[in-house]
Amino acid sequence: MTMRMRACQHCQESFELASTGRPPKYCSSTCRKNAWHEEKTRQQVAAAVAAERRRIADALGLTAEAGDPA
Ligand SMILES: [Zn+2]
């Protein structure tokens with residue numbers, strides 16, 4: 001039986017793939033949870049930065065030419 005290995009997308013650790021089912025991206029449920037949490041935090045930070053940037057532009061009266069090209 002051949003073992004297929006895969007690198008965890010969170011901790012980069014190699015782990016064995018089960019021969020059946022959908023191949024997981026993470027070596028453990030802990031990594032999956034942590035990766036999910038980090039992604040959520042990243043999105044919250046990005047949203048907060050965008051809102052703050054809008055607020056500052058608004059306060060400066062720069063809303064017409066808002067920010068950098070996305
Ligand atoms: Zn991992």
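Arg6 stands opposite Phe15 in β2, and Arg4 stands opposite Leu17 in that strand. The model is predicted. Its chain holds one helix and two strands, in the order β-β-α from the N terminus. Of the 70 residues of the chain, 1% count as buried.

- Strand β1 covers residues 4–7 and strand β2 covers residues 14–17; the two run antiparallel and are joined by four bridges.
- The pairing places Arg4 of the chain across from Leu17 and Arg6 across from Phe15.
- Six residues lie between the strands of this hairpin, and Gln12 has a positive phi there.

**Gln12**

- Gln12 sits in the loop between β1 and β2.
- The phi of Gln12 is near 65 degrees, which is positive although the residue is not glycine.
- Most residues other than glycine have a negative phi.
- Is Gln12 buried or exposed? Gln12 counts as exposed because it has 9 C-beta neighbours inside 10 Å, and the cut-off for exposed is 12 or fewer.

- Ser19 belongs to the loop between β2 and α1, the helix of residues 29–59.
- With 10 other C-beta atoms within 10 Å, Ser19 falls under the cut-off of 12 or fewer and is therefore exposed.
- Ser19 and Met3 are 16 residues apart along the chain, and their C-alpha atoms are separated by 7.9 Å.

- How many residues does α1 have, and what distance does it reach from its first C-alpha to its last? The helix has 31 residues and reaches 44 Å, close to the 45 Å expected at 1.5 Å a residue.
- The helix is hardly covered: the count of buried residues among its 31 residues is zero.

**Burial and contacts over the chain**

- Buried residues make up 1% of the 70 in the chain, and among the 31 residues of α1 their count is zero.
- Among contacts between residues at least 6 apart in sequence, 9% join residues at least 24 apart.

Notes: Residues are numbered from 1 along each chain as its sequence is written. This is a predicted model: local features need pLDDT of at least 70, side-chain atom pairs count only at pLDDT 80 or more; totals for chains, interfaces and linings use all residues. Two strands pair if DSSP finds at least two bridges between them. A residue is buried if 20 or more other C-beta atoms lie within 10 Å of its own, exposed if 12 or fewer, and partly exposed in between; C-beta atoms are placed from the backbone. The expected span of a helix is 1.5 Å times one less than its number of residues. Two residues are in contact if their C-beta atoms, placed from the backbone, lie within 7 Å.
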